[in-house]
Amino acid sequence: MEYSKIFDRKSFSTVIPESVNDDLKKVLIREDGQEDLLFALWAPSIGENRYTAVINEIIFPEDGDRNIHGNASYNYQYLLRVCKIALKKGMGIALLHSHPYPGWQNMSFDDINTENKTFINAFSTTELPFVGLTVGNDGYWSSRVWYYHKEEIQMKWSNSVRISGDRLQVYFNDNLIPPDKPSKKTIRTVNVWGEETHKNISRLRIGIVGLGSVGSVVAEMLARMGISSFTLIDYDTIKEHNLDRLAGAFKTDIGSLKVDVIREHILKAGTSNKITVDISDKKLNEEEAYRKALDCDIVFSCVDKPWGRYILNHIAFSHLIPIIDGGILIEFGDKRKLNFADWTVHTISPGKPCLQCLNAFNISDVELEKDGLLEDPEYLSGLPDNHYLKSRENISPFSYNLASLEVLHFMALVANVVDPSNYGEQKFRFKHGFLSRNFDINCDSNCDYLLNIGMAGSVN
Ligand SMILES: [Zn+2]
Ligand SMILES: [Zn+2]
């Protein structure tokens, strides 16, 4: 039972697609104030330090499946039906119920008995842990996971329940992740969005993949804003030609790993009282870096190659971790005349178009990168001089502007101060000096990513 070893040292979280959450609340939060319940299916998303139950399908109750009285209860036929579907689909089982009070919910004796019994049935069918969730009448979710460890039944509370869609809403367990104490250092920042919003934003775990001229600036901005948990992923070292654009990197850092240097910079620049920075110096297609990305609540995609984007696109839809992605495209014509310099930013989450349908990467370029051709001088020298795969020109104001736009997208996603929450795809055109928004791109109807929302799993 590999997962019982996993649970001993990993934290637990639950994530729900926003559209599923809307349907759940319609059944569970009743106008008559009565408690109600239903079952759902989930898939495991296994990060390096966090195990997440990704809720992906509601199994709605049918007539006679449940009793609605003081404490709602289900009849055995309902669980049996759910077990059959879960077994067929290879999914875990979750029982969700409501309480007529607001906020994070503890369990009553009845709740503990019911979940304990349900775990035994659910486990014997699925051989997966069992997940219990409770929603307050204000929509605040709490959750826990039941599993066997050392032949005893164990229950572990989740750190958070996340709702991922147009916005990212996170319901934290204050006992396990207490909010940062207010401090003078962030007083001007907190004045922008208020203490409640700051309490939530500052507790998010933010991943940054790629710590070049964009990622290093994103890191500095978030550290100064009061973010306390970072995961940095980059395999590269600092070269002399990075020094014109890398925030927090100096001549003495040449030869050091970017993740080490930016971690030190975050610790120096950060305003939170308790900053933790987890790092990986591996590529995102390697197990360690991929698992660490799955620990995050949001990931900034600051990569300059297609394979990383391809993997992050999968993470946004299958694991419900929103991705904020940006890229700079510069093209020169004859006599090194600047044709254009554009940078584009988009937030990727269920309900918005995916990176592939946005043309943020070409699937054929992903294959080239997998074959090692994008780092092969011979292959690159065969491409035309102004080919986008060869573009190496950049200046710090381009990158810093893109980094700032990415952090504004982050604010739209998590802070309730922006309307609309969805900026669409934004593109800044340096040559003409304007910022455009595009809402007209949608995923193709047969886009694979739409079919895999909440299915977790790995990517090839
Ligand atoms: Zn209850
Ligand atoms: Zn798509």
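Predicted model: local features only at pLDDT ≥ 70, side-chain atom pairs only at ≥ 80, totals over all residues.
**Exercise 1.** Work out how many residues of each domain are in contact, and what area is buried between domain 1 and domain 2.

*Solution.* Begin with the contacts: 19 residues of domain 1 touch 27 residues of domain 2. Next comes the area, with about 2,000 Å² buried between the two domains. Of this, 46% lies on carbon and sulfur atoms. Finally, look at who contributes on the domain 1 side: Arg167, Leu168 and Phe172 provide 32% of the area that domain 1 buries against domain 2, more than any other three residues.

**Exercise 2.** Find the salt bridges and polar contacts that link the domains, then describe the side of domain 1 that touches domain 2.

*Solution.* First, count the salt bridges between domain 1 and domain 2: there are three. For a worked case, take Lys352 and Asp166, whose side chains meet with an N to O distance of 3.7 Å. That distance passes the test, because a salt bridge requires the nitrogen and the carboxyl oxygen to be within 4 Å.

Now turn to polar contacts, where 17 residue pairs are found across the interface. On the domain 1 side, at least two residues each come from strand 1 (11-17), strand 2 (37-46), strand 3 (50-59), strand 10 (160-164) and strand 11 (168-172). To finish, sort the residues of this side by type: nine are nonpolar, five polar and five charged.

Methods
Residues numbered from 1 in each chain as written. Chains lettered and ligands numbered in written order. Heavy atoms only, no water. Contact = heavy atoms within 4.5 Å. Buried area = accessible area lost by both parts, 1.4 Å probe. Polar contact = N/O pair within 3.5 Å; in protein donor to acceptor, adjacent residues only side chain to side chain. Helix = DSSP H or I, 4+ residues; strand = E, 2+ residues; numbered from the N terminus. Nonpolar A, V, L, I, M, F, W, Y, C, P; charged D, E, K, R; others polar.
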